[in-house]
Protein chains: 2
Amino acid sequence: MAKELKELTKRAENYSQWYNDLVVKADLAEQSAVRGCMVIKPYGYAIWEKMQQQLDLMFKETGAQNAYFPLLIPKSFLSREAEHVEGFAKECAVVTHYRLRAKEDKSGVEVDPAAKLEEELIVRPTSETIIWNTYKNWIHSWRDLPLMCNQWCNVMRWEMRTRPFLRTSEFLWQEGHTAHATKEEAEKEAKLMLSVYAKFAEEWMAVPVVQGVKSETERFAGALDTYTIEAMMQDGKALQSGTSHFLGQNFAKAFDVTFLNKDNKPEYVWATSWGVSTRLVGALIMTHSDDNGLVLPPRLAPLQVVIIPIANKPEQLAAVSEKVDVIVKELKTKGISVKYDDSDNKRPGFKFADYELKGVPVRLVLGARDLENGTIEVMRRDTLEKETRNIDGISDYVEKLLEKIQQNIFNKAKTARDARIYECDNYEDFKERIKDGGFFLCHWDGTSETEAKIKEDTQATIRCVPLGFEQTEGVDMVSGKPAKQRVIIARSY
Amino acid sequence: MAKELKELTKRAENYSQWYNDLVVKADLAEQSAVRGCMVIKPYGYAIWEKMQQQLDLMFKETGAQNAYFPLLIPKSFLSREAEHVEGFAKECAVVTHYRLRAKEDKSGVEVDPAAKLEEELIVRPTSETIIWNTYKNWIHSWRDLPLMCNQWCNVMRWEMRTRPFLRTSEFLWQEGHTAHATKEEAEKEAKLMLSVYAKFAEEWMAVPVVQGVKSETERFAGALDTYTIEAMMQDGKALQSGTSHFLGQNFAKAFDVTFLNKDNKPEYVWATSWGVSTRLVGALIMTHSDDNGLVLPPRLAPLQVVIIPIANKPEQLAAVSEKVDVIVKELKTKGISVKYDDSDNKRPGFKFADYELKGVPVRLVLGARDLENGTIEVMRRDTLEKETRNIDGISDYVEKLLEKIQQNIFNKAKTARDARIYECDNYEDFKERIKDGGFFLCHWDGTSETEAKIKEDTQATIRCVPLGFEQTEGVDMVSGKPAKQRVIIARSY
């Protein structure tokens with residue numbers, strides 16, 4: 001593609017525009033012809049595939065199995081769980097007909113009115129209803145439990161304001177749906193899956209997250225508890241990056257799913273559901289990238305190493321290429337993905353900028369002079385530091401460097417985040433400081449009135465009650481009422 | 001699940017019912033609450049996942065990259081290519097609204113008439129139109145070509161008569177869409193992908209296939225040529241198992257996709273598309289399975305080996321389990337998937353029947369007496385042959401046995417198929433014999449009239465003009481007109 005490497009908007013100028021620019025310029029995604037839906041381009045999709053592979057492994061280690069349930073959900077199913085339908089009705093894409101016909105004047109096609117469905121079908125916004133309707137036939141006895149299914153699929157929520165990866169009308173995700181014999185087991189599962197998400201975010205995406213519980217207002221529609229991982233973007237805003245729901249017996253009751261316990265008595269089944277989506281790609285971009293482009297953690301980078309030759313004459317290029325072949329082979333043996341870019345239609349400087357934009361973690365440059373000296377130039381994308389090294393042992397060095405980069409970008413993100421987590425006890429103070437972003441640990445009286453007032457005054461919301469945080473009692477900064485705990489308040493995407 | 005291992009319908013009694021029974025009893029899939037859409041259960045999905053993994057590798061080896069395009073397609077896009085819309089209009093699920101609202105009497109939800117879309121959206125039956133509309137922005141110069149994207153996704157074709165895996169309103173598939181600078185290159189790509197499908201079918205699914213070209217009548221809507229792999233089921237019917245289309249410049253013209261060639265002149269782009277779907281799972285089941293249940297090729301079996309203990313006393317079970325642990329470890333080291341089923345709520349005989357039903361290729365049984373004798377019982381699912389072997393070296397033996405089984409079930413399927421490929425030159429003869437199934441190699445005059453007559457008289461269709469088959473001229477058995485080649489005629493799913 002005839003690509004112009006125009007400069008990105010700087011983060012400091014306009015963070016939001018920087019993000020939109022980057023998504024397009026780095027060939028991750030673009031707006032499609034369908035309102036609010038994006039096309040995920042090969043480079044963006046490759047990141048999602050890497051995420052899927054690792055998450056899928058982690059899910060299977062917990063005993064979950066993949067399955068597939070229908071895209072379309074009968075409208076009446078949605079109504080069965082009162083809160084669920086209230087939460088999703090406003091964003092449902094509705095299939096009403098099953099056939100088109102040629103227009104009389106042959107100018108195109110139109111909906112065939114004779115092909116109206118008896119009951120409208122909803123493009124799934126999430127699949128609790130169709131899955132619990134199915135589980136009814138799969139669960140009879142305590143021996144059928146736990147039942148743990150996951151599906152990788154597309155879902156649709158008709159959003160009014162969309163942004164690539166962060167909020168799109170159609171998105172890709174996985175949704176786990178588990179069924180258990182006891183409340184305790186279901187709660188344990190919901191928490192376990194939260195910890196799986198947190199581990200993936202921190203160890204693979206290099207994105208530090210706060211694990212917590214949502215307030216009632218922010219809960220998933222139909223859940224008794226929603227657990228969340230919250231990441232902080234570079235502008236100090238929160239991004240909800242994954243959720244795990246304890247659904248109690250709500251869906252079991254709505255779809256009449258019971259099991260015979262060990263005493264042969266029927267009981268309603270306990271449920272969880274949990275999901276992460278292509279939003280994670282947005283989280284990844286926003287957390288690490290800089291004014292030169294993407295910065296990708298090596299564990300999720302589609303391409304980990306790029307090698308670029310510098311040669312003016314064909315015989316120089318031949319000599320460089322011969323040496324590069326050896327390095328490529330060594331790196332591949334180590335399971336490292338590597339590309340040798342000897343294309344002759346772009347100058348090295350153009351290539352440097354392009355691979356920086358794409359966030360390739362390590363760049364190696366080998367020129368004719370290097371060959372004479374037995375050296376090679378190594379650049380790491382995270383710090384942009386260059387060094388010239390002995391070419392012997394370079395693949396071992398690169399292998400360790402990739403791990404170092406993975407760790408470094410996590411540390412960097414964590415340091416940046418931790419510096420912007422504030423305890424705050426004064427509402428006037430809060431209202432002023434929240435403008436600059438950050439997570440605010442504030443005492444909360446537990447009422448939705450206070451929550452609503454904060455949102456109205458500042459657009460900030462309670463992100464979660466943090467888990468593993470030593471709580472102390474205090475006074476709600478807004479209402480002045482007694483408060484049992486601090487919550488994290490932030491503006492969010 | 002409280003499962004009853006009722007007997008399957010016998011193939012000889014009712015092949016069609018046998019298939020439907022088997023899909024349900026082996027826990028592969030079931031009918032959902034949505035007309036024509038199935039739920040793919042974990043065991044069935046695990047087979048599809050194995051297929052995906054291997055196909056994905058093979059696609060990437062050809063240079064294709066994965067991407068993702070929107071589920072919903074603007075209605076007007078479909079009309080751009082005249083034959084395409086004619087082929088798909090009758091099976092389109094149409095989204096007309098984007099919101100539900102509560103009914104006045106609160107008894108549920110209804111479609112909000114105020115949320116009518118300006119232009120209706122079609123749930124993709126295939127994605128040529130939305131993808132070529134996107135390619136317009138990606139392709140400018142010959143340097144942007146070839147462009148080769150694949151997507152794994154769900155599609156919907158509103159079918160009136162459905163059968164699990166073979167024909168469902170929603171199905172999972174992959175669709176590759178490639179763009180090329182020349183006709184020759186596009187034709188080569190279409191044929192290359194056909195050969196990839198054939199290789200996968202034969203080497204992984206152990207299903208022999210005929211590669212061929214479709215007649216004009218049977219072509220994909222919008223293609224200039226449709227290549228196909230055709231498999232023969234045990235009842236002698238054909239199953240179209242994968243297709244690869246040479247689309248010419250049809251979609252490039254419909255969506256105005258041109259590129260500047262090396263002489264800097266604009267030309268329309270040449271296209272292919274190719275796809276296989278969850279129908280392959282149906283082909284797998286129908287080709288190999290028997291009256292006892294599934295027979296799965298080891299390379300695609302979710303579980304390759306099951307080990308069942310025979311022990312009456314706890315201390316016997318402990319001794320058996322200790323020995324099994326060693327075997328399990330050895331098999332896993334070899335990359336073989338294995339399960340030790342020491343569950344105490346089912347008798348060994350029940351387990352035997354269940355794993356036979358599920359088609360696990362190798363069963364090992366270890367009892368207390370075996371331990372004394374240093375032996376183990378091995379049963380292979382494909383032939384149901386049992387033998388008692390020395391327990392030493394058993395994992396090496398199993399490894400080789402799995403390969404032998406893979407080869408054997410291919411050979412068996414090929415022998416059975418080859419015995420039912422007939423040359424036939426007499427139409428009366430044909431009409432009688434086609435009732436018993438089989439592929440008939442008959443001379444065809446190339447007219448759609450003859451094709452239509454054969455279909456009307458016998459329900460059989462021209463499956464393809466076989467590739468790599470030495471053609472001779474002759475006389476069309478129906479019309480008596482001269483014919484340049486023989487085609488394969490068969491009844492099909």
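A salt bridge here is a side-chain nitrogen of Lys or Arg within 4 Å of a carboxyl oxygen of Asp or Glu, and the count between chain B and chain A is two. By class, the side of chain B that touches chain A has 40 nonpolar, 12 polar and 15 charged residues, where Ala, Val, Leu, Ile, Met, Phe, Trp, Tyr, Cys and Pro count as nonpolar, Asp, Glu, Lys and Arg as charged, and the others, Gly among them, as polar.

Before going further, note that this is a predicted model, in which local features need pLDDT of at least 70 and side-chain atom pairs count only at pLDDT 80 or more, while totals for chains, interfaces and linings use all residues. Residues are numbered from 1 along each chain as its sequence is written, chains are lettered from A and ligands numbered from 1 in the order in which they are written, and side-chain values use heavy atoms, with hydrogens and water left out.

Seen as a whole, the interface brings 67 residues of chain B into contact (heavy atoms within 4.5 Å) with 67 residues of chain A. The two chains bury about 5,500 Å² between them, 66% of it on carbon and sulfur atoms; buried area is the accessible area, taken with a 1.4 Å probe, that two parts lose on being put together, summed over both.

Strands also link the chains. Helices (H or I, at least four residues) and strands (E, at least two) are DSSP runs, numbered from the N terminus, and two strands pair if DSSP finds at least two bridges between them. Strand 5 (residues 94-97) of chain A runs antiparallel to strand 5 (residues 94-97) of chain B, and three bridges join them. In this pairing A:Val95 stands opposite B:Val95, and A:His97 has B:Val94 as its bridge partner. Within chain A, strand 5 is also joined by three bridges to strand 8 (residues 116-123), again antiparallel, and there A:Val94 is partnered by A:Ile122.

Chain B contains an open sheet of five strands in the order 18-17-19-20-21, with mixed pairing. Strand 18 (338-340) and strand 21 (386-390) of chain B stand at the edges, each with a single partner strand, so one side of each is left without a neighbour in the sheet. Strand 20 (residues 375-380) and strand 21 of chain B pair in the antiparallel sense over five bridges, and B:Met379 has B:Lys386 in strand 21 as its bridge partner.

Finally, consider the loops. A cis peptide bond, with omega about -5°, joins A:Leu145 and A:Pro146, and A:Pro146 lies in the loop between helix 5 (128-138) and strand 9 (147-156) of chain A. In chain B, a cis peptide bond joins B:Leu145 and B:Pro146, with omega about -5°.
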